[in-house]
Amino acid sequence: MKRKAPTATLILAITVMSGTVSAEISPVRQAEIIHLLRHDCGSCHGMRLEGGLGPALVAKRFTDWNIDQLALTILYGRPGTPMPPWRPFLTDGEAYWLATRLKEGIQP
Ligand code: HEC
């Protein structure tokens with residue numbers, strides 16, 4: 001009998017990783033991710049991330065969100081909406097790093 005890996009296991013694995021990621025992302029890569037945020041995310045979420053086709057990506061919007069929810073939204077997108085998955089471009093660790101910056105509030 002084939003066992004299906006429960007989604008919870010995946011989420012747990014990502015969660016366990018998230019505690020240690022920021023130290024592993026080089027300053028050069030961090031700058032690249034911020035560039036992606038300004039240009040790619042900004043094309044839908046607004047150049048100043050104050051909203052456009054997609055909602056504003058500002059800290060006050062994310063007070064009730066945890067980092068996992070934010071990172072998983074970035075990684076997997078929102079199926080059925082224009083929000084694309086960023087897995088092809090960001091590792092799990094990088095998505096957590098970006099999610100943490102967004103939750104703290106970033107001024108691009
Ligand atoms: C092609 C347009 C597009 C691009 C590019 C895009 N998004 Fe989105 N995003 C959306 C839309 C539209 C939604 C709202 C989806 C919905 O209706 O639930 C969304 C939702 C989100 C949400 C959930 C916000 C909330 O309050 O519900 C987050 C977080 C997010 N995007 C982050 C990002 C990040 C980070 C990037 C860049 C890596 C990005 N998005 C790039 C269109 C885009």
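**Exercises on a predicted helical model with an iron ligand**

Of the 108 residues in the protein chain, buried residues make up 33%; buried means under 20% relative accessible area, exposed over 50%, and partly exposed in between (1.4 Å probe, protein chains only). This is a predicted model, in which local features need pLDDT of at least 70 and side-chain atom pairs count only at pLDDT 80 or more, while totals for chains, interfaces and linings use all residues. Residues are numbered from 1 along each chain as its sequence is written, and side-chain values use heavy atoms, with hydrogens and water left out.

**Exercise 1.** Describe the secondary structure of the protein chain and the confidence in it.

*Solution.* Step 1: the protein chain has four helices and zero strands, where helices (H or I, at least four residues) and strands (E, at least two) are DSSP runs numbered from the N terminus. Step 2: pLDDT, the predictor's confidence in each residue from 0 to 100, averages 87 over the protein chain, and 77% of the residues score at least 70. Step 3: confidence is lowest in helix H1 (residues 7–18), with a mean of 54, and highest in H3, at 98.

**Exercise 2.** Determine which residues coordinate the iron atom of the ligand, and state the geometry.

*Solution.* Step 1: donors are N, O and S atoms within 2.8 Å of the metal (3.2 Å for Na, K and Ca); water is not among the atoms, so sites may look incomplete. Step 2: His-45 (NE2) and Met-83 (SD) coordinate the iron at 2.0 to 2.1 Å. Step 3: six donor atoms subtend angles of 87 to 179° around the iron, so the arrangement is octahedral; six donors count as such if opposite donors are over 155 degrees apart and all others between 65 and 115. Step 4: His-45 lies in helix H2 and Met-83 in the loop between H3 and H4, so the pair ties together parts 38 residues apart in sequence. Step 5: His-45 is buried, at 10% relative accessible area, whereas Met-83 is partly exposed, at 22%.

Conventions:
Four donors count as tetrahedral if all angles lie between 85 and 135 degrees; four count as square planar and six as octahedral if opposite donors are over 155 degrees apart and all others between 65 and 115; anything else is irregular.
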